[in-house]
Amino acid sequence: MFGQTTTTPTPPTNERGLEDLDAAALAYAARIEGLPPERRQEARDDLVRFALPFAGRLARRYRGRGEPLEDLEQVARLGLVNAVDRYDPERGSFTAYAAITIVGEIKRHFRDRTWGVHVPRRLRDLILEVGQATATLTSELSRAPSVAELAERLETPEEEILAALESAAGYSPASLNAPVGGESSAEFGDLVGESDNALESVDDRVTVSGLLHRLPWRERRILAMRFYGNQTQAEIAARFGISQMHVSRLLSRALTWLRQAMLADAPPPWQNGAAETASAKARISVKQNGDRVVVEVGGEVDRAGADQLRRAMLEAVTGQPREVVVDLVGAGGFDAGGIAALMAGRDAAARTGVPLRLTRVQPAVRRSLAAAGLPAAD
């Protein structure tokens, strides 16, 4: 009659009070024949609810293996739903088919969803066997079994047992963001070292540092300004009072020499061009202009030219002129020896009471003199 509802037959139970899933599944198969799809869904849900305790018992067999029981029950229920959807009464018992399907889903969950790192399937299966053998041998021996005992029980080489024990740590690896412990705010990730990309260049850096000291003062200064001070060639040229093209030539020659020295067992000697040698060598002359003495300085005043400059200034002061003028318009640079020579001339002039004046100083030299406390007149 219309309006009459069909009820699911109450599934029979065995003598122990357990559900007879086979009878319930057969009743479900008979019920859904001829029903529309929306009514079949209702019958399907009834059978799934009826079989939930069976799925729960299968899930509880795998507890204590590192996975929460709630997750295992969810996986077992998914396997139960798949078993109900694929059930065919002509193929045999529903209970056996559902058990195989549910257990397969649980094992697949352990294989594919629980490992923090990739471990080969063969090794994962061996890890489970090692765990079971360890529990059994511990009970028998009243102690933890050795690797040799596990290998004998499983009839597996000791190398594979060791690999399984080491790989078991990849099941649930610790998070790098986990705190180290105590009141420290450090994390495990802070303790993990990383590759130092600059480590391979340490030897080259040390070698270049030694080679730089073999270069003339001006070339060293230009390299430092260009690559450490990040100054342009135009800025360097303005500070030394030379052309930008000249700075480019000096840089190119210094870098070429450094490359050759890096590749050679013994650094080659520094070679200056003839014109460059003439302009770089210290040139010092003393001129008498009435009662005033003019000391003209040109080129690079290094250790070799410092003695000549010191003697020239001492001779100029000894004659008791009205004034000693040190003309530095042609001086391209002073190293520590050259600065010391100027300071010696200043001190000698102060002792004899002769005024001494430094004039027409290049910008780069002016900064060196100011750092040494030697004021220069415009």
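Predicted model: local features only at pLDDT ≥ 70, side-chain atom pairs only at ≥ 80, totals over all residues.
Close-up 1. A pair of aromatic rings is described by the distance of the centres and the angle of the planes.

**Close-up 2. The largest nonpolar core, which includes F94.** In soluble globular proteins, nonpolar side chains tend to be buried together. The largest nonpolar core here has 28 residues, and those that touch the most other members are L80, V84, F94, I102 and I106. At least two residues of this core are supplied by each of the helices α1 (21-32), α2 (37-60), α3 (69-86) and α4 (94-112), while the largest share, eight residues, comes from α2. When residues up to four places away in sequence are not counted, I106 touches L58, A59, Y62, L72, V75 and A76. A second, separate core consists of 27 residues, among them V297, M313, V324 and L342.

**Close-up 3. A charged group over a ring, at R226 and F227.** The charged end of R226 sits over the ring of F227, and its distance from the centre of that ring is 5.9 Å.

**Close-up 4. An open sheet of four strands.** The strands follow the order β1-β2-β3-β4, and their pairing is mixed. β1 (283-289) and β4 (356-359) are the edge strands, each of which pairs on one side only, and from one strand to the next the twist averages 20°. Between β1 and β2 (residues 292-301) there are seven bridges, and these two strands pair in the antiparallel sense. Across from R283 stands G298, a residue in β2.

**Close-up 5. Two helices, α14 and α15, against the sheet.** Helix α14, made of residues 336-352, lies across β2, β3 (323-334) and β4, and it runs at about 175° to β3. Helix α15, made of residues 363-371, packs on the sheet as well, where it touches β3 and β4, and the direction of α15 makes about 115° with that of β3.

Note on methods
Residues numbered from 1 in each chain as written. Heavy atoms only, no water. Lys NZ or Arg CZ within 6 Å of the ring centre and 35° of its normal. Pairing = 2+ DSSP bridges. Axes fitted to C-alpha atoms, helices over the stretch in contact; angles between N-to-C directions. Contact = heavy atoms within 4.5 Å. Core = buried A, V, L, I, M, F, W, Y, C linked by side-chain atoms within 4.5 Å. Buried < 20%, exposed > 50% of the residue type's maximum accessible area, 1.4 Å probe, protein only.
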